[in-house]
Amino acid sequence: MIALGCDHGGFELKKEIIKYLEANNIAYKDFGCDDTSAVDYPVYAKKVANAVVSKECDKGILICGTGIGISIAANKVKGIRAALCTDCFSAEATRQHNDANVLCLGGRVVGAGLAVKIVDTFLNTDFSGDERHIKRIAQIED
């Protein structure tokens, strides 16, 4: 199951990602927000991050205006490796090398078509399991 969250700057893009998830029969839980009224992104970053860390959800997707603030907030939660991606190569690399468990996007930065491709890449790329990457992830966790 995928945990979804956004602030007002990511609400419209979240709706497009939900269409992709539903079209591909990918289960998700929407942690908000529910419209374009101004809200504080750390609230939603924490909800999604906690759902991933607790294993309620397998991975998370977070969206704010730029993706920067929400990624910073998510990475404050121990066990989260949130990656802001603006292209498919980065989404693939962060899964393969960093075993990222939360994808962050900027609703005012990335168009819906590209965002859906990034989500698809992120969700369908496995961690490489390479020993050097495992070592680096352990260093991050410490």
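**Labels and their cut-offs**

Guide: R95 is buried, with a relative accessible area of 5%. This is a predicted model, in which local features need pLDDT of at least 70 and side-chain atom pairs count only at pLDDT 80 or more, while totals for chains, interfaces and linings use all residues. Residues are numbered from 1 along each chain as its sequence is written, and side-chain values use heavy atoms, with hydrogens and water left out.

Visitor: Why is R95 called buried?

Guide: Buried means under 20% relative accessible area, exposed means over 50%, and partly exposed is in between (1.4 Å probe, protein chains only). R95 has 5%, so R95 counts as buried.

Visitor: What makes D99 partly exposed?

Guide: The relative accessible area of D99 is 24%. That value lies between 20% and 50%, so the label is partly exposed.

Visitor: How do you know that D99 and R95 form a salt bridge?

Guide: A salt bridge is a side-chain nitrogen of Lys or Arg within 4 Å of a carboxyl oxygen of Asp or Glu. The N to O distance between the side chains of D99 and R95 is 2.9 Å, so the pair meets the definition. Salt bridges that share partners join R81, R95, D99 and E141 into one network.

Visitor: Which residues of helix α4 are buried?

Guide: Helix α4 covers residues 88–98, and its buried residues are A91, A93, T94 and R95. A helix here is a DSSP run (H or I, at least four residues) and a strand is a run of E of at least two, both numbered from the N terminus. D99 follows α4 and has a positive phi, near 50°.

Visitor: Why is the pair of E56 and K29 called a salt bridge?

Guide: The closest N and O atoms of E56 and K29 are 2.7 Å apart, which is within 4 Å, so the name applies. The pair links distant parts of the chain: E56 is in the loop between α2 (41–53) and β3, K29 is in strand β2 (residues 28–30), and they are 27 residues apart. E56 is partly exposed, at 39%, and K29 is partly exposed too, at 35%.

Visitor: Where do E12 and K15 lie?

Guide: Both lie in helix α1 (residues 11–23), 3 residues apart, about one turn of the helix. E12 counts as partly exposed at 45% relative accessibility, and K15 at 36%.

Visitor: How many salt bridges are there?

Guide: A search of the whole structure finds 8.
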